[in-house]
Amino acid sequence: MTKLVDTIMILLDIALIIYFYNYAINTTDIVARLISCAAVTMEIFFIIRHFKMVKKSKQLNQ
């Protein structure tokens, strides 16, 4: 069950990265681009943090 939730979370984060990236590419408003870039950065941060949490939980379960 946990692996399923982890997979869904990663796929959701990747989908949001793709969405915000495409939005930033297709807009001409500089403020929208900056907000989209910040959103992509935060999603990457969330993915890295999620991987660290999964790694830590695997170490605790051993």
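The model is predicted, with local features needing pLDDT of at least 70 and side-chain atom pairs pLDDT 80 or more, while totals for chains, interfaces and linings use all residues. Residues are numbered from 1 along each chain as its sequence is written, and side-chain values use heavy atoms, with hydrogens and water left out.

**Exercise 1.** Classify the aromatic pairs Tyr 19 with Phe 20 and Tyr 19 with Tyr 23 by their plane angles.

*Solution.* Planes under 30 degrees apart count as stacked, over 60 as edge-to-face and the rest as tilted. For Tyr 19 and Phe 20, the centres lie 5.4 Å apart and the planes make 65°, so this pair is edge-to-face. For Tyr 19 and Tyr 23, the centres are 6.4 Å apart with 20° between the planes, so this pair is stacked. Tyr 19 and Tyr 23 are four residues apart in helix α1, and therefore about one helical turn separates them. Finally, Tyr 19, Phe 20 and Tyr 23 form one aromatic cluster.

**Exercise 2.** Decide whether Phe 20 and Tyr 23 are buried, partly exposed or exposed.

*Solution.* Buried means under 20% relative accessible area, exposed over 50%, and partly exposed in between (1.4 Å probe, protein chains only). Phe 20 has 22%, so Phe 20 is partly exposed; Tyr 23, with 40%, is also partly exposed. By contrast, the buried residues of α1 are Asp 6, Ile 10, Asp 13, Ile 17 and Ala 24.

Notes
Helices (H or I, at least four residues) and strands (E, at least two) are DSSP runs, numbered from the N terminus. Rings of Phe, Tyr and Trp (its six-membered ring) pair if their centres lie within 6.5 Å; planes under 30 degrees apart count as stacked, over 60 as edge-to-face and the rest as tilted.
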